[in-house]
Amino acid sequence: MAKTKGRGPLAELRVSVRRMQREGERLVGRIQRDTKALIKRSRAEVVNDVHAVQREVRRRADRTVRDFEARVVKQFHAATASRVARLEQRIAELERRMKAVESRTAGVQAA
């Protein structure tokens, strides 16, 4: 293997250690800033954020369940509750119409 820029393994290790140290210091600084910002926030702000996260999780869970139900219904060609309700309404309407036709034909036959 060729050495990069004439450095030996020890020199490369030092460079890597320095880079890790700089990135570690940046990370610690970021954590400190975030911690200070979190401490400054009021309890109400934190509670509001928690509630917002809860709402988002519920919304996503509901959407996931609906999507899953739709796939199952499609896969098994099963009827949904709303489809069953619509079919019940259609059947009731057809039965009503049939009774109306039967009563008209009974009236015509009686005359």
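Arg59 and Glu56 both sit in helix 2, which spans residues 43–76. They are 3 residues apart, about one turn of the helix. Helices here are DSSP runs of H or I, at least four residues, numbered from the N terminus. This is a predicted model: local features need pLDDT of at least 70, side-chain atom pairs count only at pLDDT 80 or more, and totals for chains, interfaces and linings use all residues. Residues are numbered from 1 along each chain as its sequence is written, and side-chain values use heavy atoms, with hydrogens and water left out.

Arg59 forms a salt bridge with Glu56 (a side-chain nitrogen of Lys or Arg within 4 Å of a carboxyl oxygen of Asp or Glu). Their closest N and O atoms are 2.5 Å apart. Glu56 also meets Arg60 in a salt bridge, at 2.8 Å from N to O. Arg60 lies in helix 2 too, 4 residues from Glu56, about one turn of the helix.

Arg59 is partly exposed at 42%, and Arg60 at 48%.

Now move to helix 3, residues 81–110. The side chains of Arg97 and Glu93 meet there in a salt bridge, 3.2 Å from N to O. These residues are separated by about one helical turn because they are 4 residues apart in the helix. Arg97 is partly exposed at 49%. Glu93 is partly exposed at 29%. The structure holds 5 salt bridges.

Methods: Helix = DSSP H or I, 4+ residues; strand = E, 2+ residues; numbered from the N terminus. Buried < 20%, exposed > 50% of the residue type's maximum accessible area, 1.4 Å probe, protein only.
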